[in-house]
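Good morning, and thank you for the time.

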Amino acid sequence: MSEGSSQLQEFVDRVLADNPTHSNFLHSSVAQMTPEAKQELLKYIDYCLDRGLSIDYLAHCYNTITLDTQVEQIYFRRSGKYRCSSFKEAAEKVYFDSEYMKKYMYGLALTAFLWPNHAAMHEFFVNTFPKGLQGDYLEIGPGHGFYFRQAADLGNFGNMLGVDISPASVALSSDIMRHYNVQTAAKVEFRQADFLEFSPDSAAPFSCVVMGEVLEHVEQPDRFLSKIAQLSGPDSHIYITTCLNAPAIDHIFLFERSEDVEQLARATGLQVKERFAAPYAGKTLAECEAKRLAVNVAYVLQKR
């Protein structure tokens with residue numbers, strides 16, 4: 001067994017030691033990973049170990065995401081709503097608790113490889129990205145920095161800017177770019193700021209705007225989409241993701257149908273060019289919407 005494979009096996013063993021009910025899901029996910037995806041996961045584990053983290057800590061981060069989500073799913077099934085109703089509640093629990101936020105970001109990054117719905121959305125991001133795109137790039141909520149790093153590899157931007165309200169996310173995104181030694185001629189910058197209060201340095205539209213997993217975390221998602229429309233041009237590539245009926249510790253705004261997201265986009269000056277949905281395992285999108293089961297959705301949008 002190679003060193004990388006042994007590290008992955010150790011990670012799986014540590015996860016299941018504390019969360020044995022996750023065994024079938026985790027073993028199935030690892031077995032279905034492509035060689036390329038597995039290599040990327042091993043590179044990420046190496047990155048974390050190089051930062052002085054342990055396999056034990058990574059397993060704890062992953063279980064934090066998994067177990068917290070299970071608790072919120074139970075609450076959602078019983079109440080029909082998300083637990084948090086305001087950004088203030090979510091911020092106190094997650095975004096401004098630096099230790100929890102680090103665990104949250106490391107755990108979320110691991111789900112990008114190990115949860116098939118997250119892996120499928122990443123593939124959609126890569127497949128729809130205009131290769132060699134020039135101009136200026138903006139990402140709202142870069143979080144663990146994976147989309148940002150991928151965009152730097154795929155595009156040919158002059159400037160790349162990430163705006164995130166969490167200081168832990170800003171630090172992690174910056175560190176990811178340094179560690180992976182991403183080769184880009186772009187000027188790269190991360191700012192800690194509230195996107196709704198953010199003012200760009202130039203009046204020129206961004207050629208690419210990315211916002212992954214943000215809309216469900218805010219009280220007024222229409223304001224975020226409206227601002228994206230204001231900062232974009234008619235030819236800008238706009239990529240957003242969100243989720244339907246997907247409770248989590250910091251989710252606030254509940255989308256129940258994909259049409260809810262698309263109507264909101266149209267109302268804020270955007271139109272759908274391409275769409276992708278990752279329904280609950282073994283279910284169709286229609287079944288999930290009818291039974292209020294979790295769905296991840298992603299869109300390529302354009303300014304109308």
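Let me begin with Arg257, which is partly exposed, with a relative accessible area of 38%; buried means under 20% relative accessible area, exposed over 50%, and partly exposed in between, with a 1.4 Å probe and protein chains only. Please keep in mind that this is a predicted model, in which local features need pLDDT of at least 70, side-chain atom pairs count only at pLDDT 80 or more, and totals for chains, interfaces and linings use all residues. Residues are numbered from 1 along each chain as its sequence is written, and side-chain values use heavy atoms, with hydrogens and water left out.

Arg257 joins Asp260 in a salt bridge, at 2.8 Å from N to O; the term requires a side-chain nitrogen of Lys or Arg within 4 Å of a carboxyl oxygen of Asp or Glu. Asp260 is partly exposed as well, at 22% relative accessibility. By this rule the count comes to 16 salt bridges.

A second pair is Glu256 with Arg292, whose closest N and O atoms are 3.5 Å apart. This pair links distant parts of the chain, 36 residues apart: Glu256 sits in the loop between strand 5 and helix 11 (258–267), and Arg292 in the loop between helix 12 (285–291) and strand 7. Helices (H or I, at least four residues) and strands (E, at least two) are DSSP runs, numbered from the N terminus.

Finally, Asp50, Arg51, Asp175 and Arg178 are linked in a network of salt bridges.

I turn now to the helices. At what angle do helix 5 and helix 6 pack? The angle between helix 5 (residues 87–95) and helix 6 (residues 98–114) is about 85 degrees, and their axes are 7 Å apart. The two are therefore roughly perpendicular (65 to 115 degrees). From helix 5, Lys93, Val94 and Tyr95 meet Tyr100, Met101 and Tyr104 of helix 6, where contact means heavy atoms within 4.5 Å.

Helix 7 (residues 116–128) closes this survey, with 13 residues. Its buried residues are His118, Met121, Phe124, Phe125, Val126 and Thr128. Those buried residues of helix 7 pack against helix 6, helix 8 (146–154) and several strands, including strand 4 (206–212) and strand 5 (232–244).

Technical notes
Axes fitted to C-alpha atoms, helices over the stretch in contact; angles between N-to-C directions. Parallel < 35°, antiparallel > 145°, perpendicular 65-115°, else oblique. Expected span 1.5 Å × (residues − 1).
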